[in-house]
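Me: I would like to go through this structure term by term, asking what stands behind each label. Please begin with the aromatic residues.

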Amino acid sequence: MDPKVAGGKSLFARCNPGDGSGLSEYTANPALAKKRWLDGFREPLEDALQIGFRPLPGKTSPIMETVQRIAVERFTGRAVEETSKSLIIVSDMLEHEPDYSQYAGDLSYGRYKASRAYQKFRTNLYGAEVTIFYIQRSSAKPINSADHIRFWAEWIRDNNGRLRQANKLQGVG
């Protein structure tokens, strides 16, 4: 998430075209497919991850607003109506904005539902499978990662998505 951009900013958004493995050498060009995969997907993804892992100071952390924007931009319309959807998030998942913050209060979904942010950030994930690479960072208030991941599982389910998995990563900052 880029705290300088209202609603956050996706650092990488691309479909994985496949690396050419399994393609026939007689009817396809596996070497060209692998080159396109490396140049157009793998290397840009690695660059985005390098940028995304650097902690950036900011006054807000609009994770919900960013996911909402992604759902509107990528998951709606006739072209994607029948397509299976997936979303991969690499983040510390600490939502912080004026109407709701996970830095104060408990991590219960009930507290979130009672906030103004609940109606503001309601969205439809259109059945998307969500994978979270959960970066654990040190913060002034210790966060129980199991409770935090449970919160996000409920948020995703409440917004018509499915948490496929959450993987913890060690972070910096």
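Reply: Tyr-100, Tyr-109, Tyr-112, Tyr-118, Phe-151, Trp-152 and Trp-155 form one aromatic cluster. The model is a predicted one, in which local features need pLDDT of at least 70 and side-chain atom pairs count only at pLDDT 80 or more, while totals for chains, interfaces and linings use all residues. Residues are numbered from 1 along each chain as its sequence is written, and side-chain values use heavy atoms, with hydrogens and water left out.

Me: How many aromatic pairs does a search of the whole structure find, and what makes Tyr-100 and Phe-151 a stacked pair?

Reply: The search finds eight aromatic pairs. Rings of Phe, Tyr and Trp (its six-membered ring) pair if their centres lie within 6.5 Å, and planes under 30 degrees apart count as stacked, over 60 as edge-to-face and the rest as tilted. Tyr-100 and Phe-151 have 6.0 Å from centre to centre and 15 degrees between the planes, so the pair is stacked by these cut-offs. This pair links distant parts of the chain, with Tyr-100 in strand 3 (residues 100-101) and Phe-151 in helix 5 (residues 145-158), 51 residues apart. Helices (H or I, at least four residues) and strands (E, at least two) are DSSP runs, numbered from the N terminus.

Me: Why is the pair of Trp-152 and Trp-155 called edge-to-face?

Reply: The ring centres of Trp-152 and Trp-155 are 5.4 Å apart and their planes stand at 70 degrees, so the pair is edge-to-face. Both residues lie in helix 5, three residues apart, about one turn of the helix.

Me: How do you know that Trp-152 is buried?

Reply: Buried means under 20% relative accessible area, exposed over 50%, and partly exposed in between (1.4 Å probe, protein chains only). Trp-152 has 2% relative accessibility and therefore counts as buried, and Trp-155, with a relative accessible area of 2%, is buried as well. Glu-97, in strand 2, counts as buried at 8% relative accessibility. Glu-97 touches Thr-60, Ala-117, Lys-120 and Phe-121, not counting residues up to four places away in sequence, where contact means heavy atoms within 4.5 Å.

Me: Why is Tyr-126 called partly exposed, and what is its phi?

Reply: The relative accessible area of Tyr-126 is 39%, so this residue is partly exposed. Tyr-126 has a positive phi of about 50 degrees although it is not a glycine, and its place is in the loop between helix 4 (117-120) and strand 4 (129-136). Most residues other than glycine have a negative phi. Met-93 also has a positive phi, near 60 degrees, but Met-93 is buried, with a relative accessible area of 1%.

Me: What makes a set of residues a nonpolar core, and which residues have the most contacts inside the largest one?

Reply: A nonpolar core is a set of buried Ala, Val, Leu, Ile, Met, Phe, Trp, Tyr and Cys residues joined through side-chain atoms within 4.5 Å. The largest has 25 residues, and those with the most contacts inside it are Met-64, Tyr-112, Leu-125, Phe-151, Trp-152 and Trp-155. Helix 2 (63-74), strand 1, helix 3 (109-113), helix 4, strand 4 and helix 5 each supply at least two residues of this core.
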